[in-house]
Amino acid sequence: MKDLLLDLVMTLDDIVDLNTHPVTQSGYGAACRSKLDSEGILVLEGFIRPEALELMRAEASAEQDRAYFCAQSHSVYLTPRNPAYPDDHPANRQVLSSKGCVCDDMIGATSPLRVLYDHPTFRGFVATTTGQSELHPYADSLSSINVHYANRDQELGWHFDNSSFAITLLIQKPGAGSRFEYVKGLRDADAGEMNYEGVDALLRGAIQPQVLTMEPATLVLFRGRNAMHRVTPNKSDTARMLAVLAYNAEPGVKLSESARMTFYGRLN
Ligand SMILES: O=C(O)CCC(=O)C(=O)O
Ligand SMILES: [Fe+2]
């Protein structure tokens, strides 16, 4: 029985197209790192093999009814209202985000998403590519692997991420809409430079963002801390399904309770 079970669990080789994306080779990680450093985004098309992708898609579809859906208005900076500025100032201007989320504790132990997330080779590749010496899962039971759903008219409003990098994997692409748009280097968070003029110009449509067209099976590593980005409304009846793989540079980190309540509707 145990052997039978082991046979059913996919290996890294089953999940990742290692011919196209040799994550086992340090030279590949180094090349990916220089691309991520120079462009702020790394797009690895066809990263997931078709059978593994189909398994991920079937699992994500099966869990969709249990997703926590929330709609919020928030500022581009994801910060509370700053009373020093008027409501229409870029620091306070509100945009809308609406999505469903399935948390880590609902992803099965043998899911290819979890095998990938936990695999030391994959983790080492992500560490090399992002320039971290080590990477750890979240210490809470919800935040490490998430699956996001966007149904018709659901969108992610313009924002900067708090985290230094994000890894996403598109599982299902809708028939129309859900365009990922971004402007790289629009602020310098660590220098405290918020670039209100640039943000205002983007919100007014005076700056045109870059558009990333991605197909299912594409792995994206993105530095969203200083790149303003959004996902436009889904304009079809096919849900957009996207996995987000989150790691921390240090062990023992939990997502804040307020963020867990907002995005997941629960703490554990
Ligand atoms: O859905 C995406 O492609 C991007 C997700 C994102 O920007 C986020 O979760 O912060
Ligand atoms: Fe983001």
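These legends describe close-up views of one predicted protein model.

In this predicted model, local features need pLDDT of at least 70 and side-chain atom pairs count only at pLDDT 80 or more, while totals for chains, interfaces and linings use all residues. Residues are numbered from 1 along each chain as its sequence is written, with chains lettered from A and ligands numbered from 1 in the order in which they are written.

View 1. Helices (H or I, at least four residues) and strands (E, at least two) are DSSP runs, numbered from the N terminus.

**View 2. Four strands form an open sheet.** Their order is β5-β10-β7-β8, with antiparallel pairing. Two strands pair if DSSP finds at least two bridges between them. β5 (156–159) and β8 (210–212) are the edge strands, each pairing on one side only.

**View 3. Strand β7 (residues 180–183) meets β8.** The two pair in the antiparallel sense over three bridges. Y182 has Q210 in β8 as its bridge partner.

**View 4. Residues surround ligand 1.** Among them are H148, D161, F180 and H229. A residue is near a molecule if its C-beta atom, placed from the backbone, lies within 6 Å of it. β6 (166–172), β10 (228–231) and β11 (240–245) each give two or more residues to this shell.
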